[in-house]
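Please look over the sequence and the structure shown here before reading on.

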Amino acid sequence: QALKRNPFAPEVPCHRVIAATLTIGGFHGSSGPSSSLVLKKKAMLEAEGVAFNSVGKLADPAEHLITSLELERAKESSS
């Protein structure tokens, strides 16, 4: 659903959208932490330096989260 609901695409690719609970969420219509597609999403995020803790939540939210307001400001400043 992230691709459908992501108002910030393409600036924020859908694999970078995580669940509001700070867990990885779904990917390409799949959900659940053991789904092969969700594992692919996790691998892509880890390759970008994003880590998840032992219970599957974003390990360092302050480092990786951006608010919609911050994104809008960034878009305005690059225009």
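How many helices and strands does the secondary structure of the protein come to? The answer is four helices and zero strands, where helices (H or I, at least four residues) and strands (E, at least two) are DSSP runs numbered from the N terminus.

## Basis of the model

This is a predicted model, in which local features need pLDDT of at least 70 and side-chain atom pairs count only at pLDDT 80 or more, while totals for chains, interfaces and linings use all residues. Residues are numbered from 1 along each chain as its sequence is written, and side-chain values use heavy atoms, with hydrogens and water left out.

## Overall fold and surface

Along the sequence, the protein reads as α-α-α-α. Among contacts (heavy atoms within 4.5 Å) between residues at least 6 apart in sequence, 39% join residues at least 24 apart.

The protein exposes about 5500 Å², of which carbon and sulfur atoms supply 56%; accessible areas come from the Shrake-Rupley method with a 1.4 Å probe, and for residues only the protein chains shown count as cover. Of the 79 residues, 18% count as buried, a term that means under 20% relative accessible area, with exposed meaning over 50% and partly exposed lying in between (1.4 Å probe, protein chains only).

Once its neighbours within four places in sequence are left aside, Val 50 is in contact with Leu 45, Leu 58 and His 64.

## Salt bridges

Two salt bridges are counted under the rule that a side-chain nitrogen of Lys or Arg lies within 4 Å of a carboxyl oxygen of Asp or Glu. In one of them, Glu 48 pairs with Arg 16, with the closest N and O atoms 3.0 Å apart. This pair links distant parts of the chain, 32 residues apart, since Glu 48 is in the loop between α2 (36–47) and α3 (61–64), and Arg 16 is in the loop between α1 (2–5) and α2. Glu 48 is partly exposed at 36% relative accessibility, and Arg 16 is partly exposed at 44%.

Lys 42 also forms a salt bridge, with Glu 46, and here the closest N and O atoms are 3.8 Å apart. Because Lys 42 and Glu 46 are four residues apart in helix α2, about one helical turn separates them. Lys 42 is partly exposed, with a relative accessible area of 31%, and Glu 46 is partly exposed, with a value of 40%.
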